[in-house]
Amino acid sequence: MPVQQPVQSSNLLEILEKILDKGVVIAGDIKISLADVDLLTIKIRLLVASVDKAKEIGMDWWEKDPYYSSKGLMAAEERAQLEERINRLEQLVEDKEKAPELPEGPESDKKEEKE
């Protein structure tokens with residue numbers, strides 16, 4: 001019975017190094033339709049690359065995700081504060097638009113005196 005040579009680890013390491021250096025993307029879509037009506041669409045994307053390569057191409061979601069990073073947690077808190085501030089400003093604008101306009105300044109006083 002012939003003895004099989006194990007795959008040389010250096011070849012495997014070279015292949016892995018090339019994949020991590022260049023990156024590999026696997027993409028696919030799963031779509032479930034009934035009578036030409038899309039009921040469910042699942043988009044699957046898989047990127048295999050080194051961290052440096054991923055950052056180089058803009059794939060750095062783990063740095064912004066509050067589950068994985070304290071920077072992401074701070075960003076989530078800042079976003080919540082900004083949303084709260086926007087809501088307050090929008091409320092002020094709505095209240096100002098609802099309020100009746102009052103006459104302003106001396107010109108409005110002159111008009112009232114003439115009438």
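**Notes on the predicted model**

1. Ala-35 sits in the loop between E1 and E2. This is a predicted model, and the values below should be read as computed from it. The phi of Ala-35 is near 55°, which is positive although the residue is not a glycine. Ala-35 is also exposed, because its relative accessible area is 73% and exposed means over 50%.

2. Asp-36 lies in the loop between E1 and E2 as well. Its phi is positive too, about 60°, and Asp-36 is not a glycine. Most residues other than glycine have a negative phi. Asp-36 counts as exposed, at 81% relative accessibility. One of the pairings involves Ala-27, whose bridge partner in E2 is Arg-45.

3. Which residues form the nonpolar patch on the surface? Ile-30, Ile-32, Leu-34, Val-37, Leu-39, Leu-40, Ile-42 and Ile-44 do, with about 710 Å² of accessible area together. Strand E1 (24–34) and strand E2 (37–48) are the elements that give two or more residues to this patch. The largest share, 5 residues, comes from E2. Leu-39 lies in strand E2. With a relative accessible area of 56%, Leu-39 is exposed.

4. A search of the whole structure finds 4 salt bridges. Side chains of opposite charge can pair when their charged atoms come close. One of the salt bridges joins the side chains of Asp-29 and Arg-45, at 3.0 Å from N to O. This pair links distant parts of the chain, since Asp-29 is in strand E1 and Arg-45 in strand E2, 16 residues apart. Arg-45 is also the bridge partner of Ala-27 noted above.

5. Another salt bridge is formed by the side chains of Asp-38 and Lys-31, at 3.9 Å from N to O. The cut-off for a salt bridge is 4 Å, so this pair is counted. Asp-38 is partly exposed, at 46% relative accessibility, whereas Lys-31 is exposed, with a relative accessible area of 53%.

6. Glu-56 and Lys-53 form a salt bridge in which the closest N and O atoms are 3.5 Å apart. Both residues belong to helix H2 (residues 51–56), and because they are 3 residues apart, about one helical turn separates them. Glu-56 is exposed, with a relative accessible area of 61%.

7. How many helices and strands does the chain have? There are 5 helices and 2 strands. From the N terminus on, the elements follow the order α-β-β-α-α-α-α.

8. Of the 115 residues of the chain, 6% count as buried. The chain exposes about 11,200 Å², and carbon and sulfur atoms supply 57% of that area. Among contacts between residues at least 6 apart in sequence, 19% join residues at least 24 apart.

Terms used:
Residues numbered from 1 in each chain as written. Predicted model: local features only at pLDDT ≥ 70, side-chain atom pairs only at ≥ 80, totals over all residues. Heavy atoms only, no water. Patch = residues over 30% accessible without salt bridge, like charges linked within 9 Å, V, L, I, M, F, W, Y side chains within 5 Å. Areas by Shrake-Rupley, 256 points an atom, 1.4 Å probe, with all protein chains shown as cover. Helix = DSSP H or I, 4+ residues; strand = E, 2+ residues; numbered from the N terminus. Buried < 20%, exposed > 50% of the residue type's maximum accessible area, 1.4 Å probe, protein only. Pairing = 2+ DSSP bridges. Contact = heavy atoms within 4.5 Å.
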